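Thanks for coming. I have one model to go through this morning, so please look at the screen while I talk.

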Amino acid sequence: MRRERLGPPVTQVEARRGYEELAKIRDAFKPGLRLELIDFPDYRIPERKPAINHIWYDDDGRLWVFLWPAEADSMYRAHVYDAGGAFLHVAEWPRGISIWHGGLSGDIAVGVRKVEFDVEQVVRLRFLPQPASNPPGE
């Protein structure tokens, strides 16, 4: 096995959010705990995100490999494989809609997105049929 794909770079904004999240975790601990349990002095946010964000099977037994999006990407992207491991196609859908919780069969997916006031809204997506081809070397 070899790694041929690099994940997208971590932006300065994302790195700052990561360090802020670490600070929140550290500050949430009660005073009096040993410092080595709550301090992260040597931790550095990596320069790149992992290439893969999620992996799951749909209701038809296909494997979906959700690639980690870059900060500026407007669409999510996943490579879809059949039950035998053969590449089928790349699926794309609007960013902000999560489909990896289930309800995915054929060319239809039931997803969830957040709207105003963080209210979750159920959405139905229909994927355009894609011809089988070799996975792109994005």
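Where is the place of Glu14? Glu14 sits in helix 1. Before going further, a note on the basis: this is a predicted model, in which local features need pLDDT of at least 70 and side-chain atom pairs count only at pLDDT 80 or more, while totals for chains, interfaces and linings use all residues. Residues are numbered from 1 along each chain as its sequence is written, and side-chain values use heavy atoms, with hydrogens and water left out.

Helix 1 first. Helices are DSSP runs of H or I with at least four residues, strands are runs of E with at least two, and both are numbered from the N terminus. Helix 1 covers residues 12–28, which is 17 residues, and its first and last C-alpha atoms are 24 Å apart, close to the 24 Å expected at 1.5 Å a residue. That expected span is 1.5 Å times one less than the number of residues.

Which residues of helix 1 are buried? They are Glu14, Ala15, Gly18 and Leu22. These residues are on the same side of helix 1, because they cover an arc of only 105 degrees around the axis; the arc is taken from the directions from the helix axis to the C-beta atoms. As background, an α-helix has 3.6 residues a turn, so residues three or four places apart point the same way. On the face turned away from the buried side, helix 1 carries the exposed residues Gln12, Lys24, Asp27 and Ala28. Buried here means under 20% relative accessible area, exposed means over 50%, and partly exposed is in between, with a 1.4 Å probe and protein chains only.

Back to Glu14, which counts as buried because its relative accessibility is 15%. Its side chain makes a polar contact with the side chain of Lys49, at 2.6 Å. A polar contact is a pair of N or O atoms within 3.5 Å; within protein, one must be able to donate a hydrogen and the other to accept it, and residues adjacent in sequence count only if both atoms are side-chain atoms.

Next, salt bridges. How many does the structure hold? There are 7, where a salt bridge is a side-chain nitrogen of Lys or Arg within 4 Å of a carboxyl oxygen of Asp or Glu. One of them joins Glu92 and Arg77 at 2.7 Å, N to O. Glu92 is in strand 4 (residues 87–94) and Arg77 in strand 3 (residues 75–81), so this pair ties together parts 15 residues apart in sequence. Another pairs Arg126 with Asp107, with the closest N and O atoms 3.4 Å apart. Here Arg126 is in strand 8 and Asp107 in the loop between strand 6 (104–105) and strand 7, 19 residues apart. Salt bridges that share partners also join Asp58, Asp60 and Arg62 into one network. Within it, Asp60 and Arg62 meet at 3.6 Å, N to O. Arg62 is buried, at 12% relative accessibility, whereas Asp60 is partly exposed, at 41%.

Last, the loop between strand 7 (108–114) and strand 8 (120–126), where Val119 lies. Phe117 is in that loop too, and has a positive phi of about 60 degrees although it is not a glycine. Asp118, also in the loop between strand 7 and strand 8, has a positive phi near 60 degrees. Phe117 counts as exposed at 82% relative accessibility, and Asp118 at 57%.
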